[in-house]
Amino acid sequence: MASLRLVFRVSACAMVLFAFTAPLAHAGLISGLLPGLISPSDTPATCNTSSSQAFAKVDGDYSNYVLVPGGSFEAGAAGWTLGRSVAVVSGNEPWKVHGASDSHSLYIPSGSSATTPAMCFAPGDWHMRFFAASSSSSVSSLQVRVRVKSLLGVLSILDGGKISSNSTWQPSARLGLLLTNLTGILATDSVSFQFVPSGTASWRIDDVYLDPWKNG
Ligand SMILES: [Ca+2]
């Protein structure tokens with residue numbers, strides 16, 4: 001398959017707004033090629049197009065999601081950039097949406113971080129969901145950052161907000177990304193997501209999914 005690489009225009013001063021919204025009903029899945037996908041230069045020429053309604057049995061979210069590369073942590077965390085003491089550990093999110101026999105997740109201690117590989121994504125309205133649990137019985141927060149690299153080599157780290165949970169595994173709400181042009185237009189080369197614990201609690205994450213399709 002020819003490279004799916006396309007150019008996605010985004011402002012150098014793009015504003016990102018993560019909105020925790022309720023799951024939408026049925027996604028508009030388009031079979032075959034994913035429309036508008038970007039294949040960054042530092043990722044394989046083809047993108048993972050194996051989608052599933054991974055959160056349907058969790059809370060009735062029938063959107064179609066693609067697993068982020070290595071996002072189940074069942075075979076390590078290939079391609080991920082792991083900070084100090086981050087490690088794949090035993091214990092899976094209890095819904096086991098990726099596989100009934102899955103048994104591992106990613107541990108991220110306080111003061112460290114974990115970053116996904118650069119990946120395909122669709123411009124416009126798209127969403128991320130994952131599972132998370134903290135080490136604290138009280139509610140603490142995990143920050144999600146969006147790392148956008150332009151074709152000019154400019155790396156923008158965009159604050160995507162935080163999710164909150166306690167020591168019980170929870171599915172995240174949908175993280176929605178809105179890019180708004182403010183000034184000039186640059187081409188985006190790649191995008192990745194960084195998970196950063198806030199405060200003193202450590203975290204585990206598992207089954208990180210991206211919905212690359214525009215939903216209604
Ligand atoms: Ca897992």
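1. Some ground rules. Residues are numbered from 1 along each chain as its sequence is written. As the model is predicted, local features need pLDDT of at least 70 and side-chain atom pairs count only at pLDDT 80 or more, while totals for chains, interfaces and linings use all residues.

2. Overall make-up. The protein has 15 strands and 1 helix (DSSP runs numbered from the N terminus: E of at least two residues for strands, H or I of at least four for helices). Of its 216 residues, 41% count as buried (20 or more other C-beta atoms within 10 Å of the residue's own; exposed is 12 or fewer, partly exposed is in between, with C-beta atoms placed from the backbone).

3. Strand S7. Here 4 of 5 residues are buried. S7 pairs (at least two DSSP bridges between the strands) in the antiparallel sense with S6 over 4 bridges and with S15 over 3 bridges. Leucine 106 has isoleucine 205 in S15 as its bridge partner.

4. Alanine 87. This residue lies in strand S6 (residues 87-90), and its bridge partner in S7 is tyrosine 107. Alanine 87 is partly exposed because 15 other C-beta atoms lie within 10 Å.
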